[in-house]
Amino acid sequence: MDRDLFMKPPAEYRPIIFWSWNGELDPKRMKRQIREMHAAGLGGFFMHARDGLKVPYMKEAWFERIKLCVTEAKRYGMEAWIYDENGWPSGFAGGEVPKQSQSFRAKALVMKPILSRGGGDCIGGLDDGNGIDGLDDGEYRLLTEVEHAGGHSGIYEWVQPLGHPRFEGASYVDLLHPGTTKAFLDSTHNRYEREAGGDFGAAIPGIFSDEPCALLWLNREEPALPWTDSLPSHFLERYGYSLMDRLPALFVDTEDSRQVRYDFWKLVVELLAVRFSKPIYDWCEQRGLKFTGHYMAEDRLSHTMDWIGDLMPHYEYMHIPGMDHLGRELHRHCDNSSPESRPFTTVMAAKQVTSAAHQMGKTRALSELFACAGQGFDPELQKQMTDWHLIHGINFFTPHLLPYTLEGNGKRDYPPTIGPQQPWWEYTAGLTDYQARISYALTRGERLTDTLLIHPVESAWECYAPLQTVEVDRINDQLEQLCLQLLDDHAEFDFGNEHLLEKYGFVEKGRIRMGNGSYRTAIIPCCSRLRSSTLALLQQLHDQGGRIIAWNAESYHKLAQRYPVLRSMNIRLADVNHSRCADTGGIAAGLSGLAGLSDDEIAMAAGGGTECVWMHRRRDHDSLICFLANLSLTEEVECTFSFHGRCNMEIWDGETGNIMSLPAVYVGERTVVDWSFSPGESLLLRAYLQQDNSTGSDSLLHASHTNVRYDRKVICSIAAEMKLTEAEYNAVVLDRFRLQEPGGNGWGETLTVSRLRTSTVPWTGPVRLSTAIAIDVESIHEPIYVATERSPRMAVYWDGIRLAVSETEWLHSEWLFYQVPVELLATGIHQVELELAAGEQLSSLENAILVGHFLVSIGTTPAIRNRDARLLNAADFIESGFPFFAGKLKLSCSVDLPEMEGEVVRWKLRLVNPALSAARPIWDGKPLVPRLWGPWEWEIPAPSGKDPMQLEWEVTNTLRNLLGPHYVPDDDRIVFLGPEHFSKEETDQYVLEPFRLGEAQLVAYIRDTDKGGD
C-alpha cells in the first residue's frame, strides 16, 4: 500500500453518489452541487434520471446537461458516470424500445383460471394486476390447460400493454428476445457515444445498469414465469424434447417436473446472460468503459427465482459487479418468524458479488446502499453498513441518494437524502475519506479465502414453482445460517457457482482453482442436486487430499442416494444446530475439531463474543492486511488474533490516514495482538515479516492508547444544562389543516396533508386550508416565515392578512418564504391559511413549515415562544423546544475541574448515549475534530490551570424529524422504508427521533505518584 495514496485516495476509490435528476436542472445549481460534492469528498456521481425530471429525457437539453456535468467533473478531478435509464429496471430506454415493436415488450408465462374466449385463442383487454385503469391490459394467448389441486386453469402467454406510467407510457421489455438489447443500445448507449464519446474511459468511466431482469410481473396474486417467443424452439434444440408439451410441469408437480424446471431455468439464465449482459459488456469493453450496476432480487433464493433465476453468471460480464443494499438491516442471525422480519439484503447478496469478482480477477465490487433506511440513517449507521460491505469485499460505494431537489416526492424518494439539505452534510468528508481509505486498502494484493461453498441456486431451479417456494425457502434459510456461522467463526469463504465452476474450475495440488480463487476446502450446503462437472471437481479434490464437508446430514444422505459417487469420497458431516445462540461452539465445534477451514496466516481466537467481529484478510507483496470490524453498536468485544511469523505490526487509521506502530507479543512462530473493540469500531492492520520489513517503523506514530500507562481514571459529569449560544432556523411542521368547502360554506374536519393529498375527491383550486398556531407567554420579537413549495401556486395568509414573499432561503431551494411581520406576532392563537390558485390540484399539496428563531412546544395546537438566551437540557433537545429541528445547535457551559490526587497523564472528553449525527467540541477556545460515530470521545490537552474551563459544543441532527414519516411508530425498524410510509397514519401523535447531546463527561487518567513511574 502506498502511504500517500492512503492518506489522500484519488476519486476512483471515493464514493460515487446517485445524483437524482428530479427537477428543472438549472445549470447554475448543477454546477454548485458538483462543487459541493467535491468538497464533501465524493469521487463523482451517477447522472440518474428520476421521478420529477422536467428536462426531456435523451433530448437536446438532456445532453447539454450531461456535457455540462462532464466538464465540471473534469474541473474537479471527479468522475461522471452514465446511468442508462429513466427510472428502472434498465432496458426500456425511457419507453422508446417497447414502442418500436411488440416483440420487444415484456412477456410472461402465466397460469390463471380459464378465460372466456370470443373465438380464437387470443384474449385482450384483461386485467393484469398492474392497475392501469382504462387501458388495454395486454394480450393473453392460451397455450395449454392444466388440472391441479386448485381446479382447472390455463397457461397463457402474456404480452405487457403499452401505457404504464412507470415506463413513460410504454412497458417494460423482453430481455430474452434477441433484438431487444440491440434496440436498447441504439436508443441509449450509442446516443451517449455520439454526444459525449470523447470522454469515454476518462471523465466518463462507465455505465450503470439498474435491476434488469428476465421477468417483471407486477401481479403477485397470479403465478408467472419468464417467457419469450423463441423459448420453445431453443428448448427443443437444447434438450431434445418439447417444452410446450410439458408446460404444466413448470407450475404444478408432475412426474418429470423437477427435470423440466431445471432445464427451463438453465436455459433462461443462459439466454439472459448472452442476450443482455454480454452484449452490454462487449459494447463497453470496445469503448474503454466499465459496465457496472446490479441485477434484480439478489437477496433471497425465492426472490431470485421470481425475477432472474441466477445472478452470478452475469457478473462474468460486468467490469465491476454490483449489488443493491436496501434498508438499514445488517442482520447477523436470521429471524425467519415471518417474511416481514427478513432483511432485504443478506450475506448471500454480498457474497455472490464478491465471490465472482474475486474469481474473475475483478478488483472492484459495487454496492448501491443506504436506500430505504430513512432520513434518520445518520453517518454512524452509514459507517457501520460500510464496514459490513468492506468485510465482504465490496470496495466501490454508491450512496443513495443526492437529490437535485426535495420538491414534491423528492422528500420521500427512498431516503435518506445525502446532500447539502442534510444538517450533517458539512462533515460528510469524514465519512467519505474513511470509505475511500479502506476501499483503497482492500483493493491491494489478493484476498485470502480458503473455503469454497457450493451455491445451491440450481437446486432451487428444480424445486421452484411460482406458488411453491417452501423447499426453496428451506434451502435459502439453511444457506444463510451456514454463511453467518462461517463468518461468526472467522472462516472466510467464496461461493462456487456451478455454471462458472464448469467453465473455469479445475483442481491442482489439492485445491480447487478458479481464476484468482484457490480453495483447499469445499462445503456442500443443504441442496438437492449437483452438476456432473461439480461432482468431478469434488472427486479430484478428494483424490488430491483436499477437504470436503457436507453441512447438513439429512440433505447429504439424500444427495448421496442420487449421486452414489459421493459415498466414495471422504466427506465429513457437520450437522450444526442452525439456530444456535452466540455462545455455542459454532462450526468449529460442529466439525468436531476439524482444523484449517480458513488459511491460518491470519487467525482469530473464537468465543467470548468475538462473533460480532468479522474479518477480511489479504496478502500484499511482503505484507499481510487484515480489516476487522465490530458489527455491534452496543457490545464491546475483547479479541485476540495472530499472524504467521514474527511480524512488525502497523495500524492504518481509516479515519485520520495516520499510520501507527502497534506493539505485539510473539508466541512461538506467531505474532499475537490483543484488541478491545468499542461498539462499531473497525481496525485495519498491516503485518510485515521482520526479516522482510524494509519500511521500518521509526518514523511512525505510536498507537497512543497502547503505550499510556495509568493506574485509575476519574470520571466527572458535566452539567446537563447548557446555554444556547446559536442555532439555525427552528421549525414547526404545519401538516394538519381544515379544508374550506368551495364557495366558503364552512370548514371540514382537520386532516393531515398526506390524507388531503391522497384524497379520492378531485379537489382543484381555488381552495382554502386553515391551521392554528399559538404564541405563548410573550410576543415574538423578530420576523418568522411560512415556507411552502413553489408548486402548487398559492397565497398564504396570517390571521386573514395576505403575506408577501421574502428573499429568505433555508434548506430547500423550492420553498417560498412568506414573511410574517413582527407586529402580527402577539400572544394568542393565530390562523395560518393557504389558498390554492385556480386550477391547482390538492394532490400536489405538501406540508407547510413555520420557520424562525423560536422554541416550539407540541400540543393540540403547536406553540412557539421566544428563544432568547435560554438554557437547554442537553439530555433532550426535543423537550427543550426543538421537536422538528433540522440543523446545528451551538451550546456552551463552564466546567469546574475537580481536585486530583496523583499525576494526570491523559484527559478525555466523552459523550455517553448521545442521539445526534455529528458533534464537535471546542475546549478552552480550541476546536477539536468533529466526530460522526462512536466512540464519542476526544483527547484534550491538559487544562491550562484556570478554573472554570469553557466548553462549547456544535451538534447536528438529521432531516428525520422535519420530513418524517411523522405517524409511523418505530420507523427505524422498518425493513424497507419507502414513499408509502409518509402517507401512513398508524398513530395520531407525532413520532419523533431522539435528539440529545447525552451525558458529557470529563475523564482523567491518573498515575498514582506514590507507586513511582515507568
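Predicted model: local features only at pLDDT ≥ 70, side-chain atom pairs only at ≥ 80, totals over all residues.
1. Leu25 sits in the loop between strand S1 (16–21) and helix H2 (27–39). Most residues other than glycine have a negative phi. Leu25 is buried, with a relative accessible area of 0%.

2. Tyr414 also has a positive phi, near 50 degrees, and is a residue other than glycine. Look for Tyr414 in the loop between strand S13 (396–403) and helix H12 (428–441). Tyr414 is partly exposed, at 23% relative accessible area.

3. Two cis peptide bonds deserve a check. Most peptide bonds are trans. Pro89 belongs to the loop between strand S3 (79–86) and helix H4 (96–100). Another cis bond joins Gly964 and Pro965, with omega about 10 degrees. Pro965 lies in the loop between H21 and S55.

4. Helix H14 covers residues 470–488, 19 residues in total. From first C-alpha to last, H14 reaches 27 Å, close to the 27 Å expected at 1.5 Å a residue. H14 is mostly covered, with 16 of its 19 residues buried. Just after H14 comes His490, with a positive phi of about 65 degrees.

5. Glu458 is in helix H13 (residues 457–463). Its relative accessible area is 1%, so Glu458 is buried. The side chain of Glu458 makes a polar contact with the side chain of Tyr262, at 2.7 Å. Beyond residues up to four places away in sequence, Glu458 touches Tyr262, Glu498, His499, Arg529 and Arg531. Elsewhere, the charged end of Arg768 sits over the ring of Tyr797, 4.2 Å from its centre.

6. The aromatic pairs number 42 in this structure. One of them joins Phe370 and Phe377 in a tilted arrangement, 5.6 Å centre to centre, with 50 degrees between the planes. Phe370 is buried at 0% relative accessibility. Phe377 is buried as well, at 1%.

7. Phe884 and Tyr990 form another ring pair. Their centres are 5.1 Å apart and their planes are at 80 degrees, so the pair is edge-to-face. The pair links distant parts of the chain, 106 residues apart. Phe884 is in the loop between strand S48 (871–873) and strand S49 (888–895). Tyr990 is in the loop between helix H21 (960–963) and strand S55 (999–1007). Phe884 is buried, at 1% relative accessible area. Tyr990 has 19% relative accessibility and still counts as buried, because the limit is under 20%.

8. Ring pairs also build a cluster. Its members are Phe18, Phe46, Trp81, Tyr83, Phe208 and Phe396.

9. The structure holds zero disulfides. A disulfide is a covalent bond between the sulfur atoms of two cysteines. Take Cys526: the closest cysteine sulfur, in Cys527, is 7.0 Å away, too far for a bond. Cys526 is buried, at 4% relative accessibility. Cys639 is in no disulfide either; its nearest cysteine sulfur, that of Cys612, is 9.0 Å away. Cys639 is buried, with a relative accessible area of 3%.

10. Ala629 is in strand S25 (residues 623–630). Ala629 is buried, at 0% relative accessible area. The C-alpha atoms of Ala629 and Trp388 are separated by 7.7 Å, while the two residues are 241 residues apart along the chain. Neighbours within four places in sequence aside, Ala629 is in contact with Asp387, Ile391, Cys612, Val613, Trp614, Glu681 and Ser682.

11. Leu500 lies in helix H15 (residues 498–504). Leu500 is buried, with a relative accessible area of 0%. Residues up to four places away in sequence not counted, Leu500 touches Met312, Pro313, Glu316, Gly505 and Met514. Asn552 is 52 residues from Leu500 along the chain, and their C-alpha atoms are separated by 24 Å.

How values were computed:
Residues numbered from 1 in each chain as written. Heavy atoms only, no water. Helix = DSSP H or I, 4+ residues; strand = E, 2+ residues; numbered from the N terminus. Expected span 1.5 Å × (residues − 1). Buried < 20%, exposed > 50% of the residue type's maximum accessible area, 1.4 Å probe, protein only. Polar contact = N/O pair within 3.5 Å; in protein donor to acceptor, adjacent residues only side chain to side chain. Contact = heavy atoms within 4.5 Å. Phe/Tyr/Trp six-rings, centres within 6.5 Å; stacked < 30°, edge-to-face > 60°. Lys NZ or Arg CZ within 6 Å of the ring centre and 35° of its normal. Disulfide = S-S within 2.5 Å.
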